Amino acid sequence: MIVLTDKTLTTEMLSEISIVNVSTPKELEKYNNNDEIIAICGSRAMAVVAAKLNFPTLKLFQLTSAGFDSVPLEVYAQKGIAVANAGSVYSVPIAETVVFGILQMAKKIRNNPNNRRFKLTRGYNTITELKDKKVLIMGAGNIGTAVAERLVGFEMQIEGYDPYCPDKEPYKKILRTVEQLKENIGGYDYIISTLPDNEQTRGFIDKDLFCCMSKNAVIVNVGRKSVFNNDDFYTALKTGGIGGAVLDMFEKIPNPITNKFRRLKNVVVLPGVSAISQELNERLRVHMSENVCAAIEGREIKSVINGVR
């Protein structure tokens, strides 16, 4: 049995399995029709290529990401191949980045970069506290919940928007419909998007929603940038329709220096590293290795996203 992977796996768990490293999606083509391939661990791009090939004994495609946009899940389901994502592996660093971004906006770090200024000109009267501020987390899954758990420590009021996730702690309530969202979104100080990219979310946050928001609202985006209507978002920030934004996700990574959002005074642009940490590499390695073992032994695979068990 062979496992193809573009990441390091735990060899102790897979001591009797041949682990072959593949660095690019195109390398998968030379294994087409190989009846020894039992699992593949790789990127979304690799999953797209693998779906077009024939692996007679493949049981699992293990994504190295939490996101699965562009992955042909139905094709894998038709072949009886389970597709699993990274589950909650990335939740901790992304949640910590959200807290970092919110604190930057609340404490006006961007507006007061020079501590050598005379005390009375530093704009201290614009600094705010997080305590009792209302937060809406759009996307109440693993990442959204990790964010919520950390913000509870600041005594913030946490609510969510998610048509699918059940009610759960620490959310005080979860909005389910677009109508509910429009009715309530004006009451939030911070709006955090962890939403994925799919047909339902693409361009979802647009002029209609921005017009319903408070003029002081700060948006933090660690989800897909495609969720926002780009022109409407820029206009809302430029004209003061909303208070500001912390942005870690863009269409292009690394984010070009010419990106127009960088020039806005009420925007903090992060370098697209919210999902990176030394610790998560070990979590990802263990998660993938355990899932490969489960697939080989016929046990339950964690974080399956295409319904194949």
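Arg202 is partly exposed, with a relative accessible area of 49% (buried denotes under 20% relative accessible area, exposed over 50%, and partly exposed the range in between, with a 1.4 Å probe and protein chains only). The model is a predicted one, in which local features require pLDDT of at least 70 and side-chain atom pairs count only at pLDDT 80 or more, while totals for chains, interfaces and linings use all residues. Residues are numbered from 1 along each chain as its sequence is written, and side-chain values use heavy atoms, with hydrogens and water left out.

Arg202 is placed in the loop between β9 (190-193) and α6 (207-212); helices (H or I, at least four residues) and strands (E, at least two) are DSSP runs, numbered from the N terminus. Neighbours within four places in sequence being set aside, Arg202 is in contact with Asp197 and Ser226, where contact means heavy atoms within 4.5 Å. The C-alpha atom of Arg202 is separated by 8.0 Å from that of Asn229, and these two residues are 27 residues apart along the chain.

At the level of the whole chain, the secondary structure comprises 8 helices and 12 strands. Along the principal axes, the C-alpha atoms fill a box of roughly 70 × 45 × 35 Å. Of the 309 residues, 48% are buried. The chain exposes about 15,600 Å², of which carbon and sulfur atoms supply 51% (accessible areas come from the Shrake-Rupley method with a 1.4 Å probe, and for residues only the protein chains shown count as cover). Among contacts with a separation of 6 or more, 59% are between residues 24 or more positions apart.

Residues up to four places away in sequence not being counted, His287 touches Gln62, Asn85, Ala86, Gly87, Val89, Lys302 and Ser303. Ser289, also found in helix α8, is buried, with a relative accessible area of 0%. Beyond its neighbours within four places in sequence, Ser289 is in contact with Leu9, Thr10, Met13 and Leu14. The C-alpha atoms of Ser289 and Cys41 lie 9.2 Å apart in space, although the two residues are 248 residues apart in sequence.

Ser303, one of the residues touched by His287, lies in the segment after α8. Ser303 is partly exposed, at a relative accessible area of 27%, and its phi is near 60°, a positive value in a residue other than glycine. A positive phi, near 80°, is also computed for Ser70, likewise a residue other than glycine. Ser70 belongs to the loop between β4 (60-63) and α2 (73-78) and is exposed, with a relative accessible area of 57%. A further backbone feature is the cis peptide bond from Glu169 to Pro170, with omega near 5°. Pro170 lies in the loop between β7 (157-161) and β8 (174-175).

Pocket analysis was carried out on a 1 Å grid over the protein atoms alone, a pocket being an open set of points with protein on both sides within 12 Å along at least five of seven lines, and lining residues having an atom within 4 Å of a point. The second largest pocket holds about 330 Å³ of space. Of the 18 residues lining this pocket, Met105, Lys108, Asn216, Val218 and Gly243 are the closest to its centre. The lining has 6 nonpolar, 7 polar and 5 charged residues; Ala, Val, Leu, Ile, Met, Phe, Trp, Tyr, Cys and Pro count as nonpolar, Asp, Glu, Lys and Arg as charged, and the others, Gly among them, as polar. A volume is the space filled by probe spheres set on the grid points, which are joined across faces, edges and corners.

Helix α3 (residues 91-106) gives the most to this lining, with 3 residues. Leu103 lies in helix α3 and counts as partly exposed, at 28% relative accessibility. Its contacts, neighbours within four places in sequence left aside, are with Leu130 and Phe154. Leu103 and Gly186 are 83 residues apart along the chain, with their C-alpha atoms separated by 21 Å.

How values were computed. On a 1 Å grid over the protein atoms alone, a cavity is a set of points where a 1.4 Å probe fits but cannot get out, and a pocket is an open set with protein on both sides within 12 Å along at least five of seven lines; lining residues have an atom within 4 Å of a point.
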